[in-house]
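Let's walk through the aromatic side chains of this model together. Have the sequence and the structure open as you read.

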Amino acid sequence: MSAQVPMNMTITGCMLTFYRKTPTVVFWQWVNQSFNAIVNYSNRSGDAPITVGQLGTAYVSATTGAVATALGLKSLTKHLPPLIGRFVPFAAVAAANCINIPLMRQRELQVGIPVTDEAGQKLGQSATAAKQGIFQVVISRIGMAIPAMAIPPVIMNTLEKKDFLKRRPWLGAPLQVGLVGFCLVFATPLCCALFPQRSSIHVSRLEPELRAQIRQQNPSIEVVYYNKGL
């Protein structure tokens with residue numbers, strides 16, 4: 001996650017710059033989802049192991065979903081204004097986040113993540129808490145991408161009509177990358193802070209078996225806590 005700004009400013013900037021040709025769309029979506037897969041795996045919650053086969057399936061599914069979304073939307077926007085085409089990478093990234101994060105953290109959905117009391121004492125494993133945590137991370141990641149992928153296209157669409165960039169087209173890519181980096185510097189910490197790292201869930205929303213177990217051990221507990229991951 002500490003590499004989110006420098007890596008994403010480069011990858012996102014290139015996605016927004018080289019969105020016109022199919023080979024470059026495929027390449028940069030693949031690079032982006034490869035990086036996202038590493039981030040999602042490294043920042044997962046819980047300690048349940050995930051097999052190499054599951055990792056491979058998650059990686060291929062997420063990458064294929066992103067590329068297919070990007071190419072499908074690209075073909076639909078051929079006859080629309082150029083500005084609309086600039087937002088295709090964002091739509092692909094948003095869709096891919098909905099695929100990549102749950103798949104890379106699928107083991108949490110299968111066996112659950114540790115839930116604790118306020119003092120940090122483990123009470124059990126909950127798949128319901130995992131679902132809530134993953135949903136929060138998906139929202140955070142999409143929110144993180146909105147400023148970086150929505151503001152620069154509008155600015156660049158305006159600048160590319162000016163003589164300054166027309167005479168210096170080579171400035172387009174570095175300028176785009178810089179704009180994305182500027183947005184990410186603010187968006188990354190803000191969206192990571194949308195939901196607390198140590199999230200909570202009401203006992204009444206947990207699985208019946210775990211809820212009964214907690215009620216039996218300590219009837220006074222109303223809220224349990226878990227690490228949602230990043």
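**Aromatic rings and their neighbours**

Trp-28 is buried, because its relative accessible area is 17% (buried means under 20%, exposed over 50% and partly exposed in between, with a 1.4 Å probe and protein chains only). This is a predicted model, in which local features need pLDDT of at least 70 and side-chain atom pairs count only at pLDDT 80 or more, while totals for chains, interfaces and linings use all residues. Residues are numbered from 1 along each chain as its sequence is written, and side-chain values use heavy atoms, with hydrogens and water left out.

Searching the whole structure gives 3 aromatic pairs. Rings of Phe, Tyr and Trp (its six-membered ring) pair if their centres lie within 6.5 Å; planes under 30 degrees apart are stacked, over 60 edge-to-face, and the rest tilted. Phe-27 and Trp-28 are edge-to-face because their ring planes stand at 80 degrees, with centres 5.0 Å apart. Phe-27 itself is partly exposed, at a relative accessible area of 41%.

Phe-27 also pairs with Trp-30: the centres are 6.0 Å apart and the planes at 50 degrees, so this pair is tilted. Trp-30 is partly exposed, at 41% relative accessibility. Together, Phe-27, Trp-28 and Trp-30 make up one aromatic cluster.

Now look at another ring: Arg-198 lies over the face of Tyr-225, 4.3 Å from the ring centre (the criterion is NZ of Lys or CZ of Arg within 6 Å of the ring centre and within 35 degrees of the ring normal).
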